[in-house]
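Subject: Structure for your files

Hello,

Please find the structure below, followed by notes on what was found in it.

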Amino acid sequence: MGRQKNPLILTIDDEDPIRNSFQLFLEDHDFDVVEARSGREGLEVFRREKPDLVLCDLRMPEMDGLEVLQTIRAESPDTPIIVVSGTGIIGDAIEAIHRGAWNYLLKPIQDMSVLLHAINQELERARLIIENRAYQEHLEEEVTRRTAALQKAINDLNESHFKLRKSEETYRSIFENLQDVYIEFAGNGVILEVSPSISAISAFKRDELIGTKVEGLFPLTQERDELFDLLNQSGQIRDFEIHLRDKDQHDIPCSLNASYQGIERENADKICATLRDITERKQAEARIEYLAYYDALTELPNRRLLINRLEQNLSRARRYGHYGAMLFLDLDRFKNINDSLGHPIGDDLLKQVAERLATDMRSEDTISRLGGDEFVVLLSDLGTESAAAATAAQQKAENIKERLTEPYIIRDNILHITPSIGVAMFPSVDGSYETGSDILRYADTAMYRAKDDGRDTIRFFLPSMQAAADYRLALEKELRHAIERDELSLYFQPQVDYHGNILGAEALIRWTHPTKGFISPGTFIPIAEASGLILSIGEWVLRTACRHLKQWNDQGLGLTHLAINVSPRQFRQPEFVGQVQSILDETGVNPSMVCFELTEGLVIDNIIDTIEKMQGLKKLGLQLSIDDFGTGYSSLTYLKKMPLDILKIDQSFVRDIETDANDAAIVATIIAMAEHLYLKVIAEGVETRPELDFLKQNGCNLFQGYLFSRPIPGHQFVDLLAKGIPQTGS
Ligand SMILES: Nc1nc2c(ncn2[C@@H]2O[C@H](COP(=O)(O)O[C@H]3[C@@H](O)[C@H](n4cnc5c(=O)[nH]c(N)nc54)O[C@@H]3COP(=O)(O)O)[C@@H](O)[C@H]2O)c(=O)[nH]1
């Protein structure tokens, strides 16, 4: 630590002895001293040396002490000045103090300790003044600093408050104007808070929901359980689909985002969630899904859905052994309509075509628009006979062609259009394993063939099918006129008892075509059935058979009955029983002598309606028989409920009695079953003696077959009745 500096004293006095005595004294008391002999010199030394204290005389030449005082005071107010004067005039002292002297001593100073005391006192005072000023300055600085800090803190606080208020306002405004719903609920499912926007979705007011359980809003237990499970697993959940039940009990699809509140899930006491009504999104998705499978213009299934359904149809057809068909339609010269009348009219035409196609379609069939003017009709389950299925497909195609060819009225235009139709049957008869796309291609190819052949035409993909279809179509056209042209007739095949006596006969239709000659009922009956012609033909058969029976009865030929075949379509007519009643009345035949033969397939299809109708026929007094028995799947339960009289064993079993042990067993079982049900049993297709023997041995008493007689015209039958059947047959 360095030695402390001595205070520096400036003595200004024109008298040398005084200055010298002061110097000696002061230096002895650890002061440093500088001197000046005049006021002017004093100011120069003062400015140069910057003394800590000035001792100044008043009366001096050049510049008196008062002026020095005033100048020093002005330049350095903190430098103490002690006037040491010999005037002794009180006025000088007052003036000196007034001009800036800190103290006033009289010369000569008798006791130098007075000077020392005055110097120390003024130096101390000066020190205190300086210190005080420094302290004041420090205080002021501190106050300024702290004031600034405080002001900053206040500003910061104000700013925070402002921001907080702003943020609160923002959140309040978001909360109140939110389109989505904000919802808080406790772990036990109680709703703690919900934004007013809930009323837009649910029609519930906020107050109606707070305090209630979420079960009320989200009633589907499975969805709720899944929501809580997922929340418990991961603490948050995004875009969870849930249904909200509104006040009117409608379920509204919503998307929910939720998380436990707080960073630590374990301590979280509530779940915060936002909820958005996604009805429009769902509708859009459904629309997109719909458009993926449906044609937007006609709303018909599109190619993709068609192929799906076709694949399903194909595999079902293969599994159950039935046939289906694909009709590929293209509108002839549709482009002309589009080009000449404009696309809006073309579109309307396509819509009307779609509507016409939909008329009369079965629910299991599919109508599809592939695009442009191309439509497809997929017909499923056309039966197990490929020829009959092709006939049905041909028939359907004809109907469609007819319907689409009728005029269209579109925006005051009368339009005419024809379709070209290609037909592909499936599955293929040769066992090749084609795909849905193959079938579509085949039908497309056939459609182009129809175009090439002059349009407004139907063409099958397979030439063989085409030939058969053409033949069937021609037959059907001719069959329409067969009754009026008197080309139909009835043959009669005798039915004999154990001893070969003719008891009755089965009436079998025959068609003698003017150019084609004899056409088997096995060929034309399925065409009649598919086209609906069977209704008039069946009625003709019934009337003609009853007339014959009445006549033979009147002649006393001693017949017990006449069997008449009834086709499924004929039987299914709602007015069938009434029609039979009128024919019985009209012909006057004895109803108990008429036996209707119904196929087994017919009776097991729609069993309730069948039994009801059978009961109606029984009430008329008719006998009922099941034809082809054994080929279907009749259960004993149903058989017991049916008002039956006779079971007819199908000729396919009889044919193989001698060679096939199974068939022999089946025949024996049918006979036993008939006995059990108290039914008569007749075997058809008996051609040989051993077949007859087997049947007799197993308890069958009635027979029909070539062994006794082929079906023969009525007059021959009458002759045979008279002559009797030769012994070989008995
Ligand atoms: N809905 C109607 N269907 C009818 C009618 N007439 C006949 N048919 C059905 O047509 C199918 C073929 O009949 P058809 O060619 O007349 O054959 C019948 C007999 O000729 C034949 N048969 C009789 N005995 C023998 C025989 O010993 N061997 C042999 N190979 N064939 C024989 O069987 C047919 C009788 O069948 P079913 O009716 O099942 O008793 C045939 O399905 C007829 O049903 C009609 O008017 N309406």
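Two strands are taken to pair if DSSP finds at least two bridges between them. Helices (H or I, at least four residues) and strands (E, at least two) are DSSP runs, numbered from the N terminus. The model is predicted: local features need pLDDT of at least 70, side-chain atom pairs count only at pLDDT 80 or more, and totals for chains, interfaces and linings use all residues. Residues are numbered from 1 along each chain as its sequence is written, and side-chain values use heavy atoms, with hydrogens and water left out.

Strand 18 (residues 488–496) pairs with strand 19 (residues 502–513) in the antiparallel sense, over 9 bridges. Within this pairing, Ser489 stands opposite Arg510 of strand 19.

An open sheet is formed by 5 strands in the order 2-1-3-4-5, with parallel pairing. Strand 2 (32–36) and strand 5 (103–106) are at the edges with a single partner strand each, so one side of each has no neighbour in the sheet. From one strand to the next the twist averages 20°. (Axes are lines fitted to C-alpha atoms, for helices over the stretch in contact, and angles run from 0 to 180 degrees between N-to-C directions.)

Strand 4 (residues 81–85) pairs with strand 5 in the parallel sense over 4 bridges, and Ile82 stands opposite Asn103 in strand 5. Helix 4 (residues 90–99) packs on the sheet and touches strand 4 and strand 5, its direction making about 150° with that of strand 5. Helix 1 (residues 16–28) lies across strand 1 (8–12), strand 2, strand 3 (53–56) and strand 4, and runs at about 170° to strand 2.

Around Glu529

Glu529 belongs to helix 17 (residues 521–531). Neighbours within four places in sequence aside, Glu529 is in contact (heavy atoms within 4.5 Å) with Ile534, Ser567, Pro568 and Arg569. The C-alpha atoms of Glu529 and Gln570 are 8.5 Å apart, with 41 residues separating the two along the chain.

Regards
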